[in-house]
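Subject: Structure handover

Hello,

Here is the structure I said I would pass on. My notes on it follow below.

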Amino acid sequence: QVQLVESGGGLVQAGGSLRLSCAASGRTFSSLAMGWFRQAPGKEREFVAAITRSGGTTYYTDSVKGRFTISRDNAKNTVYLLMNSLNAEDTAVYYCAGSQAYLAWSDYYTRRTYNYWGQGTQVTVSS
């Protein structure tokens, strides 16, 4: 079993930055592919970014490319999401997720790939 706990959310002005963290426990963190998803009010939970076990490859949804950076520190059992140039459309609850499966590249984008989820952290961008 894996426990994931997000932190770092909050209220920020448009154009600002936040860094989200997700701390994992309960299983060897380096055995997990990790992802970030978000859910805005009234919308489906959507993929934001993902990273392979080693951290060598990352994936992003088009709307955050060039603004968000996912990274991980396997020694600290933590995955990060650095978010720059935030805008109102980024307002959502952000969830980190983990998968112990071996994934094809397309799997990283899919919600059902991930079997471990955190409780979420709210990010609100004021315009």
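Two strands are taken as paired if DSSP finds at least two bridges between them; strands (E, at least two residues) are DSSP runs, numbered from the N terminus. This is a predicted model, in which local features need pLDDT of at least 70 and side-chain atom pairs count only at pLDDT 80 or more, while totals for chains, interfaces and linings use all residues. Residues are numbered from 1 along each chain as its sequence is written, and side-chain values use heavy atoms, with hydrogens and water left out.

Four strands form an open sheet in the order 1-3-8-7, with antiparallel pairing. Strand 1 (3–7) and strand 7 (68–73) are at the edges with a single partner strand each, so one side of each has no neighbour in the sheet. Strand 1 and strand 3 (residues 18–25) run antiparallel and are joined by 5 bridges. Glu 6 lies opposite Cys 22 in strand 3.

Phe 68 belongs to strand 7. Phe 68 counts as buried because its relative accessibility is 3%, where buried means under 20% relative accessible area (1.4 Å probe, protein chains only). Beyond residues up to four places away in sequence, Phe 68 touches several others, including Arg 38, Tyr 60 and Asp 90; contact means heavy atoms within 4.5 Å.

Asp 90 sits in the loop between strand 8 (78–83) and strand 9 (92–99). Asp 90 is also buried, at a relative accessible area of 1%. Leaving aside neighbours within four places in sequence, the contacts of Asp 90 include Arg 67, Ser 85 and Val 123.

Regards

Note on methods: Buried means under 20% relative accessible area, exposed over 50%, partly exposed in between (1.4 Å probe, protein chains only).
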